[in-house]
Amino acid sequence: SVATLEKLQGVARKIVETRRQGWDVVVVVSAMGKTTDELVAKARAISSDPSSREMDVLLTSGERISMSLLAMAIQELGVPSISLTGSQSGIITNDVHANARIIEVRPFRIEDELEKGRVVIVAGFQGASYRREITTLGRGGSDTSAVALAAALDADHCDIFSDVDGVYSADPRVCDDAQRLDQLCYEEMQEMARQGARVLNAQAVEFARRHQIAIYARSTFGSDNHTRVDRIDEGPQERLKELNAHGVTGVTGRKDLLRVSCTGEGCGQCASGVLTALNECDVLSSGVEPHENRLDLVVATENVADPASFALELEQRFAQAGLKVEGGLGSVSAVGLGVGDKTGALLETLDALQEAGVDVITSFTSREALTCLVDVDDVNKAVQAVHKLFLGEEEVAA
């Protein structure tokens, strides 16, 4: 949405139009275009293993560039505006670098600026720890910043603008028959985000659920379509009754997974160290039985700068315990309220993947999702097969 100066100026016009309708407006921005990726590349050119702290200091500069330029663009349109960093906005996080969690928001400075009639532009993706260290919230963290601020400011709702006009039943680039969803409940959206849907961030949806903030996923580029994410009410319940195939709402895929496993006498002793080393990763499936000398985890490496080096280092560090780290893995997930409790849905999924020629390495469920671990090269084919199974035109019409 802010990849170029022209797009950023278009965003400024949209903000000014909203402000002139009488709303107080707080805007959270991400970095421009590929800025974050470029900064990561520069860091890797300097150091093969840059510290997480220095990476956070470096990467937060991308959002500061966006926020200041956007504030200038709004001022050029005759509306007072001010830009604030995450720490200036009162976003307090834990003391974890690269994948911090917001623990409190103190929006006093924002409220003061709104009282002065200004549009407030906040740098997303970042905050400050209780030790006053700069921290980042992980990929997609600007969504989290926005929803956390919406909750702290008691906002009417939170709009998340991107280059798509809502949340789809699958990635439209992978499934031609993917359909935009008008409404999702928090639980469905959170699980879709955890399992790879990139329209919204999982932590952001959790914030919204906890504080009952409605989220509207919208397009920056003119479409009136959107997806509303809010609490379960009669609408979603009635819709679920009409859905065929176990109530599946959407199908997602991921391509950034590692499987970390260990069995044997040394496993129980190294479990704590392994879990600490995986602090920057999101754990999608955990089987930790120290007393049984068994460890089996599936983790996402979205917030790891160099997953291949990370995997090799992890395996070497715990080599004596026999730790095995498998890369090149992805997943396909069918998401819907209660679908993970239905063994029939899992059996149908396994059959559909076998028929499509996709080998399933392992599978696991939560209440809102059933997930199959597959080779990364099979992810798109797996998503297409599972979407056809549950949400293909013939299934929906049945």
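Colleague: Hi! I'm new to this one. Where is Ala98 found?

Modeller: Ala98 is in the loop between strand E3 (91-93) and strand E4 (102-105). Helices (H or I, at least four residues) and strands (E, at least two) are DSSP runs, numbered from the N terminus. Residues are numbered from 1 along each chain as its sequence is written, and side-chain values use heavy atoms, leaving out hydrogens and water. This is a predicted model, so local features need pLDDT of at least 70 and side-chain atom pairs count only at pLDDT 80 or more, while totals for chains, interfaces and linings use all residues.

Colleague: Good to know. Is Ala98 buried or exposed?

Modeller: Ala98 is buried, because its relative accessible area is 15%. Buried means under 20% relative accessible area, exposed over 50%, and partly exposed in between (1.4 Å probe, protein chains only).

Colleague: And what is the phi of Ala98?

Modeller: Its phi is near 80 degrees, a positive value in a residue other than glycine. Gln212 also has a positive phi, near 55 degrees.

Colleague: Where is Gln212, then?

Modeller: Gln212 lies in the loop between helix H7 (202-211) and strand E12 (215-219). With a relative accessible area of 46%, Gln212 is partly exposed.

Colleague: Let's switch to helices. How many residues of helix H6 are buried?

Modeller: Seven of the nine residues in H6 (186-194) are buried, so this helix is mostly covered. Among them are Tyr186, Met189 and Met192, along with Glu188 and Glu191.

Colleague: What follows H6?

Modeller: Gly196 does, and its phi is positive, near 125 degrees.

Colleague: And Glu115, which helix is that in?

Modeller: Glu115 sits in helix H4 (residues 108-115). Glu115 is exposed, with a relative accessible area of 72%.

Colleague: Why do they alternate?

Modeller: Because in a regular strand the side chains alternate between the two faces of the sheet.

Colleague: How many bridges join E1 to strand E5?

Modeller: Four, and E1 and E5 (residues 119-123) run parallel. Two strands pair if DSSP finds at least two bridges between them. Val26 stands opposite Val120 in E5.

Colleague: Last one: where is Leu184, and is it buried or exposed?

Modeller: Leu184 is in strand E11 (residues 183-185), and with a relative accessible area of 0% Leu184 is buried. The C-alpha atoms of Leu184 and Ala311, 127 residues apart along the chain, are separated by 35 Å.
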